[in-house]
Amino acid sequence: MKKIIFALLGVLSFASVANAQKKTSGAIQFETITDPAAMMAASGVKLPEQAIARMPSTSKANFELLFTATNASYMPVEETEDSNGGGGGGGMGRMMMRFGGAGGNREYYYSFADQKLSEVFDLNDTTYYMPSKLTLSTSGPIGSFRMGGGNPGDTTKPKPVVAPKIVIEKTNATKKIIGFDCKEVIVKSIRSMKILGEDRDITEETHIWYTNDLGFNFSPNPKMWTEGAVLAIESRGNSTIAKSIEYRGVSAKDVTAPKKAKLITEDEYKVKMENMMKRFRNNRPGGNFGGGRTVVIGQ
């Protein structure tokens, strides 16, 4: 009888270990919804109805976090037809996409042991990787998106605004996201602006939902992070939310930054972007007298 009990305990123990091992790697699907007009309104910019009508409508984008026990990657994905009927979704598969151009959507690669983060992107037909880190942007939610340009000596552009006041509020609110208990942090960005000749304080609120149950640190926007693995970021006009999780084997190459990528520092990146913006302004009709400002935003 004792032998049978020990045998059963051994089987249960093995099953428990195997189950735990299965949950150390997998994929989490995220969906981002963006409303440009609402984002502008949240930043204190009131647009005429004609301008709002010309702006792009609400858009959706899909992203995927692949993770193992030691590494992870986060990047855009696109649903594609699978002629072989693969993908398990009625002939639909998922394809990782890298977008080129100035800024563009980035790939993020995480190393859990040393808490390192690399941003990988294409610029001028070259693939770069830039060392980064999870942090909370001191310029607020809008400023957490990477921007090109920014030469304060260029009199054709508005002067840089004063950095906003950032207030972090931990709440007692909880929410289930893909089966995980998530806690809430509200990030308030308060900036003073002159609107119609009056000084006003504009407050942007971003709600960050995170869990510590995944065992690693992560955020779909590395500049909007306080702790744990962020499964949702919600603000006016923009939200990114985890929609599903699947535990499965993940190849090490899928969570490792490409070896062909060339190192670039943040300072070098800023110089490149400033030079690109200068060339753009000089080459457009009317040279520097267009009176407008062009901003390139990348995730």
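The protein chain has a mean pLDDT (the predictor's confidence in each residue, from 0 to 100) of 76, and 64% of its residues reach 70 or more. Over residues 6-21 the pLDDT falls below 50, and this stretch makes zero contacts (heavy atoms within 4.5 Å) in the model beyond near neighbours in sequence. Residues 146-158 also have a pLDDT below 50, but 34 contacts beyond near neighbours in sequence are present for this stretch. Where pLDDT is low, the predicted coordinates should not be read in detail. This is a predicted model, in which local features need pLDDT of at least 70 and side-chain atom pairs count only at pLDDT 80 or more, while totals for chains, interfaces and linings use all residues. Residues are numbered from 1 along each chain as its sequence is written, and side-chain values use heavy atoms, with hydrogens and water left out.

The secondary structure comprises five helices and 15 strands, taken as DSSP runs (helices H or I, at least four residues; strands E, at least two) and numbered from the N terminus.

Helix α5 spans residues 266-283. Its 18 residues reach 26 Å from the first C-alpha to the last, close to the 26 Å expected at 1.5 Å a residue, the expected span being 1.5 Å times one less than the number of residues. Tyr269, Met273, Met276, Met277 and Arg281 are the buried residues of α5. Viewed down the helix axis, these buried residues fall within an arc of 130 degrees (directions from the axis to the C-beta atoms), so they line one face of α5. Asp267 and Asn283, on the other side of α5, are exposed.

Terms used
Buried < 20%, exposed > 50% of the residue type's maximum accessible area, 1.4 Å probe, protein only.
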